[in-house]
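Here is a short briefing on one protein model. Keep the structure open as you read.

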Amino acid sequence: MKLHTYFRSSASYRVRIALQLKGLPYESVPVHLVRGEQKAQAYAAHVGDTLVPALVTDEGHWLTQSMAIIEYLDETHAKTPLLPGDALGRAHVRALAQMVACEIHPLNNLRVLKYLVHKVCVSDETKTEWYAHWARSGLEAFERQLVLLDAERQAAGLPASLFCWGDAPTLAECCLIPQIYNAQRFNISLDGLPRLMGVVERCNALPAFQQAHPSACPDAE
């Protein structure tokens, strides 16, 4: 497989984590977003929204959108499942993942920040305030949801979760860890998020997350 990726892209980072957790070999194909390489015809001819990541399967199919790619990998490679085996668990994990992918990330990605500066003409300070507000409020919501899920497990007589839901990383962690990396880059306070940061600490100790980290990418700058 070939993964078209940018080392700082949160969405690409999610897929790299999934591939590493599953132990799937792939070729990294860097697409430099800041330089606009995603708009080159060789790439744009295959990707309607000209975003990363894009995964080219062994059969030559081009897949886009990180969540869809990860679920495809989960459905086609059973080893190390990234979604629980039960419907309730899958719903909880997908909801956590979507709190990042659908609520936090869209407001803070590169093209939105560039639009704020170049089209809306906000100052760098205002842009940073925008980022901090949506990132912090979203992570606080994620923390509250983890606490609620912990209470649900306790009421049902289930063991406490070591990760977001259960005792192994899931789709939720694939989304959470890149968002935390971005928050740290922008100096967002992560104080007062003990449940969430416990998950982050456990993930960062695992080789799969270390190997997927932006600093480990061939295009890292």
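The side chain of H105 reaches the side chain of R14 in a polar contact of 3.4 Å. Bear in mind that this is a predicted model.

**Around H105**
- H105 sits in helix α4, which covers residues 87-108.
- H105 counts as buried because its relative accessible area is 15%, under the 20% cut-off.
- Beyond its neighbours within four places in sequence, H105 is in contact with S10, R14, V100 and Q179.

**Where α1 meets α7**
- The axes of α1 and α7 come within 8 Å of each other and cross at roughly 135°.
- That angle makes α1 oblique to α7.
- On the α1 side, the contact is made by S10, Y13, R14, I17, A18 and L21.
- On the α7 side, the residues are E173, C174, C175, I177, P178, Y181 and N182.
- The crossing of α1 past α7 is right-handed.

**The buried face of α3**
- Helix α3 spans residues 66-76, and its buried residues are S66, I69, I70, L73 and D74.
- Those buried residues line one face of α3, because they fall within an arc of 135° seen down the helix axis.
- An α-helix has 3.6 residues a turn, so residues three or four places apart point the same way.
- The cover over the buried residues of α3 includes α1 (10-22), β3 (54-56), β4 (62-64) and α7 (171-185).

Notes
Residues are numbered from 1 along each chain as its sequence is written. This is a predicted model: local features need pLDDT of at least 70, side-chain atom pairs count only at pLDDT 80 or more; totals for chains, interfaces and linings use all residues. Side-chain values use heavy atoms; hydrogens and water are left out. Helices (H or I, at least four residues) and strands (E, at least two) are DSSP runs, numbered from the N terminus. Buried means under 20% relative accessible area, exposed over 50%, partly exposed in between (1.4 Å probe, protein chains only). A polar contact is a pair of N or O atoms within 3.5 Å; within protein, one must be able to donate a hydrogen and the other to accept it, and residues adjacent in sequence count only if both atoms are side-chain atoms. Contact means heavy atoms within 4.5 Å. The arc is that of the directions from the helix axis to the C-beta atoms. Axes are lines fitted to C-alpha atoms, for helices over the stretch in contact, and angles run from 0 to 180 degrees between N-to-C directions. Angles under 35 degrees count as roughly parallel, over 145 as roughly antiparallel, 65 to 115 as roughly perpendicular and the rest as oblique. A crossing is left-handed if the near helix is turned anticlockwise from the far one by less than a right angle, and right-handed if clockwise.
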